[in-house]
Each structure stands twice: as C-alpha cells, then as structure tokens.
Amino acid sequence: MKLKPKVEQIKAKLPELLPEITLEQVGQHDSFDDCWIIIYDRVYNVTQFLRDHPGGDDVIMDHAGRDATIAFHGTGHSRHAVELMRQFLIGELPQEQRIFRTTKHMVLSSGIPE
Ligand code: HEM
C-alpha cells in the first residue's frame, strides 16, 4: 500500500477550523471563575480544570487571560498532559497576533499534536 505523503498525514492531525479569538478577548477571561490561557497561539478555557491541575491552580492563574506558552513548555508536560489539553481548546489567535504558528499549517516541533 502506498503511504500518504507526509504533508497529508500532518494535515490529517490538524484540528477543524477553530474560531478566532483575539488577545483582547482572552484578556477578559482572567479570573478563577472564568480562566482562558493561550498556549502556542491556541486558546484554552481551563476554568473547569484549574482545581484538578496537578501543578496547582496558582501556576495557571499566573497566566490567566494571557499567553502561558513558555511556562507550559518550561515545566515539561507529559504526552498525557498534552492530550488532556485538547478538551479545553476553544479557538486560536488571528494570524496577525500569533507568535508561534505564523505560517498557515506550519507544524512546530513543540511536541504538541497540531
Ligand atoms: C491546559 C493546560 C494544562 C494542562 C492540561 C496541564 C496538565 C498537567 C498535567 C497532567 C500535569 C501532571 C504532570 C504531567 O503529566 O506532565 C501537570 C503538571 C504541572 N503543570 Fe500543568 N497543565 C496545563 C497548564 C499549565 C500551565 C499554564 C502551567 C504554568 C506554569 C503549568 C504548570 C505545571 C507544573 C509546574 C506541573 C508540575 C507539578 C509537579 O510535578 O509537581 N501547567 N500539568
């Protein structure tokens, strides 16, 4: 059987088109009862997860309403953690506000499944 070209395999893993959410909108969700964070230009609503986070709610709250990429990456999360994230994904930054995924369909070597 012929293997799919690599680019097709990568695209198959991409999430469906996500709603665009701006930095300004994310910034309005910066409280314990309503907490959004940005990781690799994607927006996550982690409100329901805060209390369950094995690293504690405070480390996430430090980044509430803002970018948490470096903190998330720096703590070396497991594959399990990366899989958990998916259920909190609610959108992505518009192209012009992204700092990581700046080219359409670009796949980072971040270890985070695209
Ligand atoms: C949706 C976002 C996040 C998810 C799903 C998540 C999930 C997890 C999970 C499952 C663990 C247990 C260890 C592991 O499996 O890697 C963990 C640990 C940890 N997380 Fe997160 N995390 C998220 C965001 C963050 C952010 C933004 C920070 C900011 C610093 C953070 C800091 C930590 C720390 C410090 C630990 C280590 C706790 C320890 O080993 O004592 N996490 N996280």
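This note goes through the sheet, the nonpolar core and the ligand shell of a predicted model.

1. Basis. Residues are numbered from 1 along each chain as its sequence is written. Because the model is predicted, local features need pLDDT of at least 70 and side-chain atom pairs count only at pLDDT 80 or more, while totals for chains, interfaces and linings use all residues.

2. Sheet. Four strands form an open sheet in the order β1-β2-β3-β4, with antiparallel pairing. Strands (E, at least two residues) and helices (H or I, at least four residues) are DSSP runs numbered from the N terminus, and two strands pair if DSSP finds at least two bridges between them. The edge strands, β1 and β4 (89-92), each pair on one side only.

3. First hairpin. β1 (residues 30-31) and β2 are antiparallel and joined by two bridges. They form a hairpin with two residues between the strands. S31 stands opposite D34 in β2.

4. I39 stands opposite R42 in β3. This hairpin has two residues between its strands, and Y40 takes a positive phi near 50 degrees.

5. Core. The largest nonpolar core has 17 residues, and those with the most contacts inside it are C35, W36, I37, I38, I39, V43 and Y44. Such a core is a set of buried Ala, Val, Leu, Ile, Met, Phe, Trp, Tyr and Cys residues joined through C-beta atoms within 7 Å. β2 (34-39) and β3 (42-45) each supply at least two residues of this core. The largest share, five residues, comes from β2.

6. Burial of β2. Five of the six residues of β2 are buried. A residue is buried if 20 or more other C-beta atoms lie within 10 Å of its own, exposed if 12 or fewer, and partly exposed in between, with C-beta atoms placed from the backbone.

7. W36. Leaving aside neighbours within four places in sequence, W36 is in contact with V26, H29, V43, Y44, N45 and G65. Contact here means C-beta atoms, placed from the backbone, within 7 Å.

8. Ligand shell. The ligand is surrounded by 20 residues, the closest being P54, G55, A71, S78 and A81; a residue is near a molecule if its C-beta atom, placed from the backbone, lies within 6 Å of it. α3 (57-61), α4 (69-74) and α5 (79-85) each supply at least two residues of the shell, and the largest share, four residues, comes from α5.

9. Shell classes. The shell has 13 nonpolar, seven polar and no charged residues. Ala, Val, Leu, Ile, Met, Phe, Trp, Tyr, Cys and Pro count as nonpolar, Asp, Glu, Lys and Arg as charged, and the others, Gly among them, as polar.

Technical notes: Contact = placed C-beta atoms within 7 Å.
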